[in-house]
Amino acid sequence: MKKHFVLIMNIVLTVVILGAVGFTIFNVLNNSGDDDLAPASTGVPVSQASEAVTEQPTVDPAERYKIGIVQHYNNADSNDCYAGFISELNERGLVGNVDIVYVIEEDEKQCNAEIQRLIDEKCDLLCTIGPYPTQAAASLTTDIPIVFAGIADPEKAGLIASNENPGGNITGVSSYTPAFEQIDLVNILLPQAKNIAAIYSSTDENAVTQAYVAAKEAEELGMKAETYPITKPEEIDDALAAIKKAGTQAVYLPVDKFILSHIDTILAYTDKNKIPVFVGNETMLRVGAFATCTVNYTSVGRKAAGQCYDILFEKKDPASLSVIYKYDCYNIVNQAAVDKLGIRLNETMRDQVQIVDYSKEE
């Protein structure tokens with residue numbers, strides 16, 4: 001019985017060995033004739049390698065369009081927006097497919113005239129940088145697609161039916177104030193802070209919204225958030241006294257024209273009491289506040305260019321092309337405020353912010 005068992009096992013083993021040898025020979029012969037087709041090894045998994053070589057879809061050189069870009073103010077944010085727009089078109093290889101007519105016009109009457117000229121010249125699409133040229137373009141055409149860049153709340157402004165489905169010839173990229181991210185920055189730079197206060201104008205709808213969002217985010221992060229709506233200048237001193245009494249460890253000021261006009265009063269008090277002030281934009285940072293997370297307008301311009309591509313080359317309808325709200329932001333800390341408040345930033349904190357010394361600017 002043992003002899004039969006041994007004999008059977010030897011036969012099975014021989015069959016397995018012969019099969020393996022045959023399979024190897026087949027593979028060698030099969031691959032030797034396909035050397036020109038086989039990709040060289042890159043050391044990168046196939047899925048990663050395919051992503052690494054992904055390119056923008058090729059555009060027919062004969063496909064040409066005219067884009068009119070209308071910018072209301074000649075300021076840093078608007079200029080960054082335009083630069084981002086052009087950079088995105090260049091990187092997509094569309095230089096030979098797109099003719100750009102670029103207009104900067106601060107006079108509102110003349111701005112309307114320039115937009116009408118672009119319409120009369122049969123522009124295929126209008127890109128409007130800022131609220132005024134967008135409103136003007138919307139009043140002058142319902143046929144030509146309009147892509148805006150730099151409007152905080154286009155739905156509230158009445159430009160679109162909804163952010164998800166604009167419903168007409170207008171879509172674009174919002175420049176909402178990143179209040180969530182600004183409160184997250186408080187958590188990064190002042191991890192020990194448990195009590196934060198927001199001071200804002202009660203008559204500024206955007207400021208009210210930012211303060212509400214900031215307070216909710218602070219509570220989500222385990223901080224107590226107090227809000228101080230202001231209606232007149234004399235109420236600012238009362239709010240500041242209440243903040244000190246409450247042991248507030250950080251103050252938040254949203255983008256608010258009224259608050260900005262009185263920011264010197266607020267900063268004089270907070271600096272004296274060593275309370276860091278986080279603000280809604282870089283303008284407020286330049287006058288002495290501590291830190292902000294601000295919109296990257298170059299990124300806004302890039303996103304707007306992407307939407308223009310979708311409309312002109314991918315034939316997407318602006319009526320169903322959702323408004324974009326997510327883009328890059330960046331954190332900035334004012335070096336002068338760091339020095340004045342005596343705040344120490346460790347290496348981890350410094351890795352997450354840009355530190356700018358505004359005192360060295362002319």
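Analyst: The model is predicted, and a search of the whole structure finds 5 aromatic pairs. In one of them, the ring centres of Tyr176 and Tyr325 are 5.9 Å apart and the planes meet at 45°. Tyr176 belongs to the loop between strand E5 (170–174) and helix H6 (179–189), while Tyr325 belongs to the loop between helix H12 (297–312) and strand E11 (329–334). The pair therefore ties together parts that are 149 residues apart in sequence. As to accessibility, Tyr176 is buried, with a relative accessible area of 16%, whereas Tyr325, at 23%, counts as partly exposed.

Another pair is formed by Phe278 and Phe290, with ring centres 5.3 Å apart. Their planes stand at 85°, over the limit of 60 degrees, so this pair is edge-to-face. Phe278 lies in strand E9 (residues 277–279), and Phe290 is found in the loop between helix H11 (282–286) and strand E10 (291–295). The parts that this pair ties together are thus 12 residues apart in sequence. Both Phe278 and Phe290 are buried.

There is also an aromatic cluster, which is made up of Tyr65, Tyr309 and Phe313. One member of this cluster, Tyr309, has a charged neighbour: Arg92 lies over the face of the Tyr309 ring, at 4.8 Å from the ring centre.

Key. Residues are numbered from 1 along each chain as its sequence is written. This is a predicted model: local features need pLDDT of at least 70, side-chain atom pairs count only at pLDDT 80 or more; totals for chains, interfaces and linings use all residues. Side-chain values use heavy atoms; hydrogens and water are left out. Rings of Phe, Tyr and Trp (its six-membered ring) pair if their centres lie within 6.5 Å; planes under 30 degrees apart count as stacked, over 60 as edge-to-face and the rest as tilted. Helices (H or I, at least four residues) and strands (E, at least two) are DSSP runs, numbered from the N terminus. Buried means under 20% relative accessible area, exposed over 50%, partly exposed in between (1.4 Å probe, protein chains only). A charge sits over a ring if NZ of Lys or CZ of Arg is within 6 Å of the ring centre and within 35 degrees of the ring normal.
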